[in-house]
Amino acid sequence: MRGSLAWAWAPTSILGGGVNFRVWMPDATDVQLCLVNEDKVPLHSSSLSREEGGYFAGKVNDAEPGSLYGFRCDDDPNCYPDPASRFQPLGPHGPSQVIDPNRFAWKDQDWPGVAIGSQVIYEMHIGTFTREGTWRSGAEQLPLLAELGVTVLEIMPVAEFPGRFGWGYDGVNLFAPTRLYGTPDDFRAFVDRAHALGLAVILDVVYNHLGPDGNYLPFFSRYYLNTQLKTDWGAAINFDGEQSGPVREYYVANATYWIREFHLDGLRLDATQDIHDTSPEHILAVISREARRAAGERSIILVAENEPQLVKHVRPADEGGYALDGLWNDDFHHSATVLLTGRNEAYYSDHLGRAQEFVSAAKYGFLYQGQWYRWQKQPRGTRGFDLPPAAFVHFIQNHDQIANTAAGERAHRRTSPGRYKAMTALLLLSPQTPMLFQGQEFAASSPFFYFADHRTDLADKIAKGRREFMSQFPSIGTPEMQQRMPDPGDPQTFVRSKVDWSPCIGTCCRCGEKTRSLLRSGPAGSMARCWPSEPLCFDSSAPAATTGCWL
């Protein structure tokens with residue numbers, strides 16, 4: 001592992017003028033750094049010197065923070081964005097911009113970080129968390145979450161992606177926070193504000209694939225991807241094949257970059273079942289070690305989503321594990337959904353929502369720890385009876401599962417108020433780590449859909465793929481229901497997913513006061529001690545199952 005992230009990958013400003021640039025292009029003969037305008041027309045070019053391992057590097061005296069640039073190789077006249085660009089002000093197809101991360105004045109020097117125990121996680125999507133959908137507007141809402149009793153904000157992916165809106169899981173510029181939410185310093189200010197309020201911030205990162213549009217990594221090296229190995233979303237990342245060393249370094253550098261330059265308190269690793277690595281030391285174990293090293297004296301938490309429920313993710317390194325801190329527990333969600341809705345179709349079909357399932361979840365975390373799973377026609381899960389309860393992240397809704405209702409319906413709209421309150425009490429009473437999804441704390445009326453803005457040909461394929469995925473549910477797979485599914489590329493699908501905070505204004509503030517007293521009176525499970533005897537703030541003229549703010 002190279003000593004300096006900035007010199008190893010991202011451009012570095014030099015005291016006294018100029019910027020150092022570095023890029024990995026193992027098959028190139030001549031690499032030039034081009035300073036360009038907004039149309040990517042070259043204004044100045046400098047040849048970079050070849051280094052060992054296929055790297056090219058050099059100092060460009062005319063570059064400075066704010067400069068737009070790209071890389072040009074051999075006879076190709078085009079300038080391509082930096083694989084380690086810190087910002088893409090015009091999107092993934094535009095030029096990169098030099099950013100000096102040291103210009104931001106942090107105020108969180110005394111922030112100690114966070115450990116996995118006794119946390120309440122709050123999953124949020126910056127683009128829909130507020131009407132404005134920016135870091136700045138999101139920061140204005142943070143006092144409400146701090147008062148509520150939330151302790152960790154889990155931000156859905158922000159790596160630059162094409163289009164005007166999206167979930168963020170099709171990112172292509174892994175070091176560049178998307179321009180859609182603001183500048184990199186706006187992101188830093190969000191984190192700084194969160195720390196001042198006692199809130200930790202972790203980031204959802206995608207290391208299993210790259211998005212289908214705007215990915216220029218293959219131009220720089222054919223070794224970034226393993227085209228022979230497919231994931232659910234395209235080619236896998238090359239973590240163990242030919243020339244995989246620099247690829248591994250690139251992803252480890254990205255993980256440490258978020259910890260160092262944005263003072264993040266950890267990462268949530270997306271769909272790790274599609275991070276394929278047969279190396280002696282798995283890439284996740286390397287990321288765990290190096291991310292903690294980057295944090296220094298701060299404590300961080302690393303959480304994984306892993307559909308097969310492999311507990312080696314949270315086993316110590318000396319036991320052959322990856323030394324992460326937590327795993328999402330889909331079993332708890334699936335059992336809860338069956339109990340709440342009475343339906344156990346598709347991937348819910350092996351869950352019955354019976355009391356014993358919740359007893360087992362509270363005692364052991366995963367319900368499936370190697371038993372036969374009929375839906376997949378294979379055993380599922382691994383034994384984790386000895387794991388600490390906090391290592392399991394429990395939830396009754398998240399971004400995926402709400403969107404997978406087709407209508408984007410939140411859990412409270414699919415059940416009775418009594419069942420919903422009881423299930424929420426169980427979620428917060430259990431010794432595992434609870435996670436809420438934005439707006440869940442007041443039973444938000446706004447839906448949450450799958451949305452993605454792409455060019456027409458790609459948008460049509462994505463919409464078709466979404467319909468095919470949802471057809472696994474018999475209740476959604478009918479032609480009539482398929483026609484009613486919202487178009488992921490329709491801007492209104494995105495706009496309708498924005499959280500409506502109006503129920504928490506005025507007289508409904510007492511709901512927030514009750515929720516604060518519940519979550520802040522001790523461990524998350526203490527909610528039951530203060531639970532209201534009847535729903536709060538229900539409009540008596542509306543159906544009970546459709547009104548919100550009952551906490």
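**Aromatic rings and their surroundings**

Author: Y250 and Y251 are both buried, where buried means under 20% relative accessible area, exposed over 50% and partly exposed in between, computed with a 1.4 Å probe on protein chains only. The model is predicted, so local features need a pLDDT of at least 70 and side-chain atom pairs count only at 80 or more, while totals for chains, interfaces and linings use all residues. Residues are numbered from 1 along each chain as its sequence is written, and side-chain values use heavy atoms, without hydrogens and water.

Rings of Phe, Tyr and Trp (its six-membered ring) pair if their centres lie within 6.5 Å; planes under 30 degrees apart count as stacked, over 60 as edge-to-face and the rest as tilted. One of these pairs, W167 with F448, is stacked, with 5.7 Å from centre to centre and 20° between the planes. W167 belongs to the loop between β11 (159-160) and β12 (173-177), and F448 to the loop between β22 (433-437) and α12 (456-470), so this pair ties together parts 281 residues apart in sequence. Helices and strands here are DSSP runs numbered from the N terminus (helices H or I, at least four residues; strands E, at least two). W167 and F448 are both buried. The ring centres of Y250 and Y251 lie 5.4 Å apart with the planes at 80°, so that pair is edge-to-face.

Two rings also carry a charge above them, which requires NZ of Lys or CZ of Arg within 6 Å of the ring centre and within 35 degrees of the ring normal. The charged end of R188 sits over the ring of F262, 4.3 Å from its centre. R268 lies over the face of W328, at 4.1 Å from the ring centre.

The loop between β22 and α12 also holds P447. P447 is buried, with a relative accessible area of 17%. Leaving aside residues up to four places away in sequence, P447 touches A407, G408, R496 and S497, a contact being heavy atoms within 4.5 Å. The C-alpha atoms of P447 and V499 are separated by 8.1 Å, although these residues are 52 apart along the chain.

For the chain as a whole, 60% of the 551 residues count as buried. Of the contacts between residues at least 6 apart in sequence, 72% join residues at least 24 apart.
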